[in-house]
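Work through the exercises below with the model open. Try each task before reading its solution.

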Amino acid sequence: YFRGGLVDGGLAKALSTTSAGVVQVTATEFCDYSYLSLKDNTVSSSIMYLPTHNQLSGRCLFSIGDTKEVMFSNIATDTTSVTITASTSITLLEPSGGDVIIQTNFSGTKEWALISCKKYNASNTACTVTSIQDAD
């Protein structure tokens, strides 16, 4: 089953947080962009909420089995962390031994995340957060 172009990609988007360190990723941002970054040096930790199942279903995950993947980077210049959090009807998954906290300057390297969301039934979407870091 093929829908779309030959290249899976999109634009890059720099996200912003509220003064409390919270960012709500919209379905437009998640679906239309392939790379999201967050630079927040005002708080030691931020929370990034993913869009809801209904928002994703209305924008890009139209059919059961549809998947969208986004790369995320915490580009803060000091030691801060971003916790990726599920919204309504999103099952948040992580690899065994992994976490959903994306840090910067983690052991001298920068952490990234691959966020892959799949609509697995009419009412729910599962999003897997795979935390990765700069290679040696």
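**Exercise 1. A cysteine and its burial**

Is Cys-31 buried or exposed?

Solution. First, the ground rules. The model is predicted: local features need pLDDT of at least 70, side-chain atom pairs count only at pLDDT 80 or more, and totals for chains, interfaces and linings use all residues. Residues are numbered from 1 along each chain as its sequence is written, and side-chain values use heavy atoms, with hydrogens and water left out.

Next, the cut-offs. Buried means under 20% relative accessible area, exposed over 50%, and partly exposed in between (1.4 Å probe, protein chains only). Cys-31 has 12% relative accessibility, so it counts as buried.

**Exercise 2. The disulfides**

Find the disulfides (pairs of cysteine sulfur atoms within 2.5 Å) and describe each one.

Solution. 
- Step 1: count. There are two disulfides. With bonded cysteines counted along the chain, their pattern is 1-2, 3-4.
- Step 2: take Cys-31 and Cys-60. Their sulfurs are 2.1 Å apart. The torsion about the S-S bond is -55°, a left-handed link. Cys-31 sits in helix α1 and Cys-60 in the loop between α2 (53-59) and β5, so the bond ties together parts 29 residues apart in sequence. Cys-60 is buried too, at 18% relative accessible area.
- Step 3: take Cys-117 and Cys-127. The S to S distance is 2.1 Å. The torsion is about 110°, so this disulfide is right-handed. Cys-117 belongs to strand β9 and Cys-127 to strand β10, so the tied parts are 10 residues apart in sequence. Both cysteines are buried.

**Exercise 3. Elements and totals**

Solution. 
- Step 1: assign elements. Helices (H or I, at least four residues) and strands (E, at least two) are DSSP runs, numbered from the N terminus. The protein has two helices and 10 strands.
- Step 2: check burial. Of the 136 residues, 37% are buried.
- Step 3: check contacts (heavy atoms within 4.5 Å). Among contacts with a separation of 6 or more, 67% join residues 24 or more positions apart.
- Step 4: check the surface by the Shrake-Rupley method with a 1.4 Å probe. The accessible surface is about 7200 Å², and carbon and sulfur atoms hold 53% of it.

**Exercise 4. Two sheets**

Work out the strand order of each sheet, counting two strands as paired if DSSP finds at least two bridges between them.

Solution. 
- Step 1: the four-strand sheet. This open sheet runs β2-β4-β6-β8, with mixed pairing. Each edge strand, β2 (22-24) and β8 (101-103), has a single partner, so one side of each has no neighbour in the sheet.
- Step 2: look inside that sheet. β6 and β8 run antiparallel and are joined by three bridges. Val-82 has Ile-102 in β8 as its bridge partner.
- Step 3: the six-strand sheet. Its order is β1-β3-β5-β9-β10-β7; the sheet is open and the pairing mixed.
- Step 4: look at one of its pairs. β1 and β3 run parallel, joined by five bridges. Ala-14 stands opposite Ser-37 in β3.

**Exercise 5. Around Ser-46**

Which residues does Ser-46 touch, not counting residues up to four places away in sequence?

Solution. 
- Step 1: Ser-46 is in strand β4 (residues 45-49). Its relative accessibility is 3%, so it counts as buried.
- Step 2: list the contacts. They are Thr-17, Gly-21, Leu-38, Asp-40, Ser-81, Val-82 and Thr-83.
- Step 3: compare sequence and space for one of them. Gly-21 is 25 residues from Ser-46 in sequence, yet their C-alpha atoms are 4.5 Å apart.
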